Amino acid sequence: MQSWRRKSLWLALSASWLLVLLRVFPLLRLAVPARPRAGAPQGWPHWLDIELLQSFSQPGELPEDDPQPPPAPRGGSCDWGACFDVSKCRGGGLKVFAYPVAGPISDTQRGILASIESSRFGSVSPEEACLLLLLSLEAPAGECSPLPQQWNGGRNHLVLGLHPNFCPQTFQLGQAMVAKASPTVDTFRPGFDVALPLLPEAHPWRGGAPGQLGQHSPHPGVPLLALAEERGGWRTAGTESSACPRDGHCEQDHGPEQTHPGATLPNATFCLIPAHQPDALHFLQALQAGCIPVLLSPRWELPFSEVIDWTKAAIVADERLPFQVLAALQKMPPTRVLALRQQTQFLWDAYFSSVEKVIHTTLEIIQDRIFGAPAHPSLLWNNPPGALLALPTFSTSPSDFPFYHLQRGSRPASRFSALIWVGAPGQPPLKLIQAVAGSQHCAQILVLWSSEKPPPSRWPKTAVPLTVLAGQRKASDRFFPHRALSTDAILSLDAQSSLTTSEVDFAFVVWQSFPERMVGFLTWSHFWDEARGGWGHTAEKANEFSMVLTSAAFYHRYYHTLFTHSLPKALRTLADEAPSCVDVLMNSLVAAVTKLPPIKVPYGKQRLEASPPLAPGGPDPQPPAQDCINQMAAEFGYMPLVSSRLRLDPVLFKDPVSVLRKKYRSLEKP
Amino acid sequence: MCASVKYNIRGPALIPRMKTKHRIYYITLFSVVLLGLIATGVFQFWPHSIESSSDWNVEKRSVRDVPVVRLPAGSPLPERGDLSCRMHTCFDVYRCGFNPKNKIKVYIYSLKKYVDDSGVPVSNTISREYNDLLTAISDSDYYTDDISRACLFVPSIDVLNQNTLRIKETAQALAQLSRWDRGTNHLLFNMLPGGPPDYNTALDVPRDRALLAGGGFSTWTYRQGYDVSIPVYSPLSAEVDLPEKGPGPRRYFLLSSQMAVHPEYREDLEALQAKHAESVLVLDKCTNLSEGVPWVRRRCREHQVYEYPQVLQEATFCVVLRGARLGQAALSDVLRAGCVPVIIADSYVLPFSEVLDWKRASVVVPEEKLSDVYGILQGIPRRQIEEMQRQARWFWEAYFQSIKAIALATLQIINDRIYPYAALSYEEWNDPPTVKWSSVSNPLFLPLIPPQSQGFTAIVLTYDRVESLFRVITEVSKVPSLSKLLVVWNNQNKNPPEDSLWPKIRVPLKVVRTAENKLSNRFFPYDEIETEAVLAIDDDIIMLTSDELQFGYEVWREFPDRLVGYPGRLHLWDHEMSKWKYESEWTNEVSMVLTGAAFYHKYFNYLYTYKMPGDIKNWVDAHMNCEDIAMNFLVANVTGKAVIKVTPRKKFKCPECTAIDGLSLDQTHMVERSECINKFASVFGTMPLKVVEHRADPVLYKDDFPEKLKSFPNIGSL
């Protein structure tokens, strides 16, 4: 009872105090004449005499600016317009001459030189090149290699340094562009220099490891954060934000944490990377692992920042607000996490996974600058398959490529061109022409006459225009981007192929759903041959396949451009020497671009046995140029082919329902 | 084997039970506090509102009557601008602090008139544009009138045009602002920097660490990532009415309309005109205009007079040449006319270049290439030019059109730097609305075939058909890639069977009990789902073979961003009724798969539960129908892709089929389903479903090949 009374007393007392306070406070405010809020009205005032206000620039002032002479050349600093002579690149586009390296040459350097030489940028003489590339001013002993004779103040030179211990001459480089790893923000000249990634010593030269991401969304059990450690490893922390105090270093003893040695990749959703330069190495690791890099006020320029939109793959945050960053990461909507994760993988694979890609990206950026307006739009750099595989020489309009229809809200055109390759026997494929011309989607038929016999002067009358092109009797010629190929879709055919109109129609309708893939009738599959320690491929019927034969296949005409201009020279000559290799090459090329298998559609099997429409060489289970596939894998640096276990059939295919209901009836025939 | 997880059981009561006496205390205390609060409210707002209305004294609201501040001659000057400033060195983010809305707070100093010792004003008090700019900020979400909570400060000292102010005194005026602190977090807007004779490219007023939103930066004065490059506003934007003109070829290929062009450059332009008389037009000032004609609005070529800016709409490309200053108001006029600007101003930092992709809307040509400009432009493909014209007009509409647009874009850029995880994307800044509407950004865009080892989680929605449920569980458990089975028990009136009664299977089986019998429970993103692939299956789908399910999973792996299902359906446009119709007959096309048996990515569960547009989710729960159609709409809408139907058609026990006993029942069902499609199409504002003519079968399906060598022999059996 006692306590009850005491409590009520206390309660009454505090309540009255509260009331007194509340009453007095406003009274006090009223009593004081100088009100604190009086000078600060709500919002910017609406002036009465607003109409009388004058414009900031009086009429006549803007246009009457005193004409000025061109500005004097600026000392020390350079930008693209001032320090690069584009006129040297007219005509041939970007041609690069790389100076031979004086003194001991490393494997990477040799590789870089070879790759530039064999690429479409390569040039043999410094006179015809518009960009001169000086490799390796990096000097372990602090000595720099002497400047070459054609130096000319560094004009049209690119000095390439993959490693940060760069020659201290950087500031005497004058008009030369500098491409180096993780340049500091202060010395970097945007739009002129190129920021490279900081590559580890043992970065693969070609091909490169694929991204580590096995699934799109983070696994539920995966920790939220991994922290880059100073000595090179990663430490993962749980989802508790309290684990990481303000300076970004997490407490040792908190929660389920694990320390990983330097070589392993982090397994977390976000990777926190502190500001200092050596941590650029962590950046690439995080990218490969599909761990979203969270960069705390980086003092270095992000790699290829000129073209890559890093906001799609990484988060650049202020190191002074670690709690805010952590809170934002925890609350980040799954949609954003999903998008960021996938973008890390795409960027890693498109531009960073090998030294060759890094070099080619650098040159591609410079080529874009030379092209000016008709260069890669940002969409092409920042969406799969990436700018190295979307050639601006083909088109600068994204809708012309097979990859961007979704982003652009467009569709591939609803017509195709049939390209019939007539090889050695030189028989005009009359039946085939009729069948193909019967398709409502066929726009034109092109006959690529590659036989020694002259083509017949008379061709059957068809509903669509028929053109005969003179071929060069080279197997690679069938994938040349002939000017006459005007439609998005190409139906590639051999003279021996046999197809029905129904089959053509259905395959084309399927292709329209998958314009970036190859859609074909006959398949091969590849396999790893343990016994011979190499790859092999077979035409045998199997439960899966990874290639469709180009003797009867739909694909986008862009692949002709890619085949001719992007495939390494060595592979194209290989195709000419072993004609059955073209199928392997074309399929590998498309698979390397799309990372997806081709698509198979049904094919009347009775003709399969009757006339195998294979490339010259026949349906040999061990085609002659078996080594083609191994050479291809070596040139690509990995095996790009992807297997599929499905076939796309018409919806009612062989269903127990009246044939009259079916749209593609002739596919039903046994 | 069978762990039961209960969702939504009643949590512990918020207030623990207590004795009645104590409760009285609490109630008294509570009511006293409440009374107090009410009292405060009354005292605070009532008299205050009277006060503030007296503040809105109309007489006081004239620019001429703002308080006058006298600056002593020796008052401190700020340092000159610090060129090494970056956000992380010169900007105080702590002022912005934690902000759940990810929006910076901007404070505007009140307007004052500054005079020097002898009473001579330092500058014009405020220009029309700067007043518009401050009004725009004040009306925006960024504004705060609480100086202590602000993260960015905007002085009301007008420095838009350097020529209208006295540099030293303006700097002194800045330095005496109450929160100046070396200019930290202060934002100055300037469009016309520099003055004769050397025309600096940035405002000459010493400003220490203050951010500068400047028109006409060069790369040498622009602090990348710190300053903001803004357009020079063209007053013609408001004065002249210029209707939009669509893209396409125009009368002149190249036009130069600027008046103050350096003689050397004018020579080059005249040479171009002489060479391509038909397609190049070089205009100049009119010399013989009669009085009264606004000469700003006229341009001449010899004796021919052209209306400006209308003449810009006659050209495909328009030269925007550097004058004494790099930033030119003509750029705004040119963009507005849908003319592609050819920017010839070396080292000019284009407006908002931090976020805008100028490659899409302009051509930048080095000054020394002026004479080659015609050839350079000729190399640009037609389609790209049209795209650029469209883009130019869109940039004007979004970021140049008014002072307000300029001010808000500037603040948005600074906001994006401070809250980078909430920043606008490249597409949001650069894509014109038409592209934004028609484009689809697939949330699962990475071409990735998930490893087979991951397997899938089967989710069986059940109510009380235990026997059939057990059969489904037994059948599904035979599928090799199954990694977990989740039973969603949707019956609140009945407990699930005892643990011991459930079939013994080789994978973990979990029963989730729901709080309400809702169809959307089947699409809830349960924590128990650990795999990416989800198989939604009804408790009566017993006719699918293990081969068919395993094959379905393999197909999903090749199309992880799609719905991969068994029974397919179609939507059709009914021309007579002018609305959509649901079709379940044997058709040659499919546009939906039923989720009575379908594989999909678990991300779509998240979307269905939290991001379903409009009221669809509740509508479906209320009607107890069409959750599968809703899912088809959702997936097709975000991915822009069609479904994949797998394996041949077989007789399914499905809603349509169970009701088949009475034909009328069946028809009601079809009508309801058609209604759903129409309802969803109106909520989505479009018909996202895609029609295809294919389905997926195993490679060797129905091929002449030994059955025992086929991977999936048991497909399509009835």
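1. Asp649(A) has Arg695(B), in strand 26 of chain B, as its bridge partner. Strand 22 (residues 646–650) of chain A and strand 26 (residues 694–698) of chain B run antiparallel, joined by five bridges. Strands are DSSP runs of E of at least two residues, and helices are runs of H or I of at least four, numbered from the N terminus. Two strands pair if DSSP finds at least two bridges between them.

2. This is a predicted model: local features need pLDDT of at least 70, side-chain atom pairs count only at pLDDT 80 or more, and totals for chains, interfaces and linings use all residues. Residues are numbered from 1 along each chain as its sequence is written.

3. Now the interface as a whole. Chain B gives 157 residues to the contact and chain A gives 142. Contact means heavy atoms within 4.5 Å. About 13000 Å² is buried between chain B and chain A, with 58% from carbon and sulfur atoms. Buried area is the accessible area (1.4 Å probe) that two parts lose on being put together, summed over both.

4. Between chain B and chain A there are 10 salt bridges. Each puts a side-chain nitrogen of Lys or Arg within 4 Å of a carboxyl oxygen of Asp or Glu. Lys663(A) forms a salt bridge with Glu693(B), with the closest N and O atoms 2.7 Å apart.

5. Arg86(B) lies in the loop between strand 2 (68–70) and helix 2 (87–90) of chain B. Leaving aside neighbours within four places in sequence, Arg86(B) is in contact with residues including Val185(A), Asp186(A) and Tyr226(B).

Notes: Chains are lettered from A and ligands numbered from 1 in the order in which they are written. Side-chain values use heavy atoms; hydrogens and water are left out.
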